[in-house]
Amino acid sequence: MYFLIGVWGGPRKEYAAIKLFLFTLGGSPGNCSVSAINGVYQVGQAMTAANTVEMTVNVTAVGAYNITGTATNGITFSGSGVFVNPGVQNVFLTASGTPLAAGNFNIPVTNTATTCSIAVTCTNAVAAVYTLGGSPGNC
């Protein structure tokens, strides 16, 4: 992709080709290198600031970054910021949305150059078990 843009791109093709490889998402092809998945992913419960993913990226050129996701099962991840140093680094992505169903889901994220998926398990809400106080029939 870098070479295609560099050779046949528009008037600012060199700039575009360099920006394309600002960073790559870590992990084996298609799988994000995730250090931690934080928060509760429960059907019908909206994501909060506690719902985050820590993942590894390999920064080849410093500058602004933007990682976006595609909604899967009602959830997406995103994050942005500025890399000030090259090399392998961790970034945090924040979840948004509300899980629609229980199960295991692969949620894709991309930096426009590379794409990988974050494996998330969503569970059903568990109903509380309790009894009413008082003698039978009298609350």
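Biologist: Which residues are buried in the pair Tyr-65 and Phe-83?

Modeller: Tyr-65 is buried, and Phe-83 is buried as well. Buried means under 20% relative accessible area, exposed means over 50%, and partly exposed lies in between, with a 1.4 Å probe and protein chains only.

Biologist: What kind of model is this, and how are residues numbered?

Modeller: This is a predicted model, in which local features need pLDDT of at least 70 and side-chain atom pairs count only at pLDDT 80 or more, while totals for chains, interfaces and linings use all residues. Residues are numbered from 1 along each chain as its sequence is written, and side-chain values use heavy atoms, with hydrogens and water left out.

Biologist: How many helices and strands are there?

Modeller: The protein chain has two helices and nine strands. From the N terminus on, the order is α-α-β-β-β-β-β-β-β-β-β. Helices (H or I, at least four residues) and strands (E, at least two) are DSSP runs, numbered from the N terminus.

Biologist: How much of the chain is buried?

Modeller: Of the 139 residues in the protein chain, 28% are buried. The accessible surface comes to about 8200 Å², and 59% of that belongs to carbon and sulfur atoms. Such areas come from the Shrake-Rupley method with a 1.4 Å probe, and for residues only the protein chains shown count as cover.

Biologist: Back to the rings. How many aromatic pairs are there?

Modeller: The count comes to two aromatic pairs. Rings of Phe, Tyr and Trp (its six-membered ring) pair if their centres lie within 6.5 Å; planes under 30 degrees apart count as stacked, over 60 as edge-to-face and the rest as tilted. The rings of Tyr-41 and Phe-77 have centres 6.5 Å apart and planes at 45 degrees, so this pair is tilted. Tyr-41 lies in the loop between S3 and S4 and Phe-77 in strand S6, so the pair ties together parts that are 36 residues apart in sequence. Both Tyr-41 and Phe-77 are buried.

Biologist: And what about Tyr-65 and Phe-83?

Modeller: Tyr-65 and Phe-83 form a stacked pair, 4.2 Å centre to centre, with 20 degrees between the planes. Tyr-65 is in strand S5 and Phe-83 in strand S6, so the pair ties together parts that are 18 residues apart in sequence.

Biologist: In which sense do S5 and S6 pair?

Modeller: S5 and S6 pair in the antiparallel sense over five bridges; two strands pair if DSSP finds at least two bridges between them. Ala-64 stands opposite Val-82 in S6. S5 also pairs with S8 in the antiparallel sense, over two bridges, and there Gly-69 stands opposite Val-109 in S8.

Biologist: What is in the hairpin of S5 and S6?

Modeller: Five residues lie between the strands, and Asn-73 takes a positive phi near 55 degrees. With a relative accessible area of 13%, Asn-73 is buried. Its side chain reaches the backbone oxygen of Ala-101 at 2.9 Å. Leaving aside neighbours within four places in sequence, Asn-73 is in contact (heavy atoms within 4.5 Å) with residues including Thr-98, Pro-99 and Phe-105.

Biologist: Which residues touch the most other members of the largest nonpolar core?

Modeller: Of its 22 residues, Tyr-41, Phe-77, Val-91, Leu-93, Val-109 and Ile-118 touch the most other members. The elements that give two or more residues to this core are S4, S5, S6, S7, S8 and S9. A nonpolar core is a set of buried Ala, Val, Leu, Ile, Met, Phe, Trp, Tyr and Cys residues joined through side-chain atoms within 4.5 Å.

Biologist: What does Tyr-41 touch?

Modeller: Leaving aside neighbours within four places in sequence, the contacts of Tyr-41 include Met-47, Ile-75, Phe-77, Ala-95 and Val-120.

Biologist: Now the loops. Is Val-84 buried or exposed?

Modeller: Val-84 counts as exposed, because its relative accessibility is 62%. Val-84 is in the loop between strand S6 (75–83) and strand S7 (87–97).

Biologist: And where are Ala-50 and Asn-111?

Modeller: Ala-50 lies in the loop between strand S3 (34–38) and strand S4 (52–59), and at 46% relative accessibility Ala-50 counts as partly exposed. Asn-111 is in the loop between strand S8 (103–110) and strand S9 (115–122), and at 7% relative accessibility Asn-111 counts as buried.

Terms used
A polar contact is a pair of N or O atoms within 3.5 Å; within protein, one must be able to donate a hydrogen and the other to accept it, and residues adjacent in sequence count only if both atoms are side-chain atoms.
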